Amino acid sequence: MRQTQFLRMFLVVSLAWLSAFLANAEDAYRYFTWTVTYGTISPLGVPQQGILINSQFPGPPIEGVTNDNIVLNLINNLDEPFLLTWNGIQQRKNSWQDGVLGTQCPIPPGTNWTYKFQLKDQIGTFMYFPSTALHRAAGGFGALNIAQRIVIPIPYPTPFGEFTLLVGDWYKSDHKALQQSLDAGNPLPVADGILINGRPNGFIFTGQRGQIYKFRVSNVGIATSINFRIQGHNITLVEVEGCHTLQEDYESLDIHPGQSITVLVTLKWAPKDYFVVCSSRFTKPILTATGLLRYDGSNTPASMPLPIGPTYQIHWSMKQARTFRTNLTANAARPNPQGSYHYGTIKVTRTLVLANAAAKINDKLRYTVNGISYVDPDTPLKLADYFNIPGVFTVNSTKDTPPSGPAALGTGVVGTTLHDFIEIVFQNTEKAIQSWHLDGYSFYVVGYGSGVWTPAARKSYNMADAVNRDTVQVYPLSWSAILVSLDNKGMWNLRSAIWPKRYLGQQMYVRVWNNEKSLYTEYDIPPNALLCGKAKSS
């Protein structure tokens, strides 16, 4: 009898505590105020105009936890309109906050605007950077890392510490000079150097012998693929852009523009300094940046030679990419295992074959997707959609397959229905590597291949444990195939992460739509939304 009464009392108290907890358990808020300015920087020894955030180059990191709410007041003290985009953050039901010209008006000089978004159901290594003009080539980028909630275990040994590396190519010319060159119809040359956290050399990562460290590495460059390696140490891949991977060891890893990876490194050798090396891929000449992994107490400098990395071996890179597999038994942001979503059993409702190409339009160099070289209209597509403003864009102006006929300027949009499950094949017709990013989503990278894609290539798809990420490389004169579940209503930028090509037209938008107006599928227009173009009079 007493035991029964005790159990009843325990259940009542437990339920009361749980109810109180749930009533007060709101996801955390993180507040930021960032001021964007110009400033003189000299990362390659030549003074030039850079873009700073709170006087920092690179910009300050955002360190969040799954489901955190971000409230960020951005003050634009540049002389041009400006936006930041949050690469890989899915902005669930909230393309209003995506930070690209297709979804929101840019922040005018001398004014501010507040972003409000949630790191909903995501973990992993990401980045932010400017989406306007060629501002990204001047800085304004930084890390955005999302840790797992403490109730969700990580599927690898708990690191003793972690480091963030922002690696990328860099030009000595100011971004406005680079932009003028592109506007004149000239392609950009190979970059002048590679940077690690804003420096070509000398950045030091210090750790203790016998411990495991997490390295978060993002390619923030505008055009160049990077190979990452650490002298004398294997690196264990554990995550790509929010997807826990099978834990394979590598001597080096390729990271293409717009991509992020997370690796573990065990410090198990003699206490000394070891080179951290980032070198360019598929370029002539090969560009190299170095940092140092310093064992605590080291008095011995790193010794030459630098560890050798791949240079132009395309097939080597493609073979490595095929080894990236999802850890099906691991949890990600949610308690359920990543493998509980059986993408390989879902019927594909539509196939898009998107061919990128270079073209001459009005006697100037442009880049196209299925024959359209994108031009931003004065009115953001999302605002035109919301206010039913005609004449801004046409749904399905970008065709499902590459059309015949000459290339043209336009505003390319593909119309889809919410909850479609589609296949996208990226066909690279150029002799240079491509990198494609889709805002609002992660997707399953099911295949890579050389030459021209045909339906027969589906036999080679990985339909079991393909990695789920937001940016995929496409090798020269080759193709890459992805599957994506369109479960996030909005207007989403599908773009080349090779920024000069994106600037000259190699982008489009995917409109994910249904006729239901409900907060369950999409948030309302934010009360502080900027209005421009034809939306000003709506």
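Trainee: Is Cys243 buried or exposed?

Mentor: This is a predicted model, where local features need pLDDT of at least 70, side-chain atom pairs count only at pLDDT 80 or more, and totals for chains, interfaces and linings use all residues. Residues are numbered from 1 along each chain as its sequence is written, and side-chain values use heavy atoms, leaving out hydrogens and water. Buried means under 20% relative accessible area, exposed over 50%, and partly exposed in between, with a 1.4 Å probe and protein chains only. Cys243 has 3% relative accessibility, so Cys243 counts as buried.

Trainee: Which residue does Cys105 join in a disulfide?

Mentor: A disulfide is a pair of cysteine sulfur atoms within 2.5 Å. The structure holds one. The S to S distance is 2.1 Å, and the partner of Cys105 is Cys532.

Trainee: How many residues apart are Cys105 and Cys532?

Mentor: Strands are DSSP runs of E, at least two residues, numbered from the N terminus. Cys105 lies in the loop between β5 (84-87) and β6 (111-118), and Cys532 in the segment after β33 (507-513). The pair links distant parts of the chain, and the separation is 427 residues.

Trainee: Why is the disulfide called left-handed?

Mentor: The handedness rests on the torsion about the S-S bond of Cys105 and Cys532. The disulfide is left-handed because that torsion is about -95°.

Trainee: Which side chain makes a polar contact of 2.7 Å with that of Tyr38?

Mentor: Tyr38 sits in strand β1 (residues 29-41). A polar contact is a pair of N or O atoms within 3.5 Å; within protein, one must be able to donate a hydrogen and the other to accept it, and residues adjacent in sequence count only if both atoms are side-chain atoms. The side chain joined to Tyr38 at 2.7 Å is that of Asp79.

How values were computed
Helices (H or I, at least four residues) and strands (E, at least two) are DSSP runs, numbered from the N terminus.
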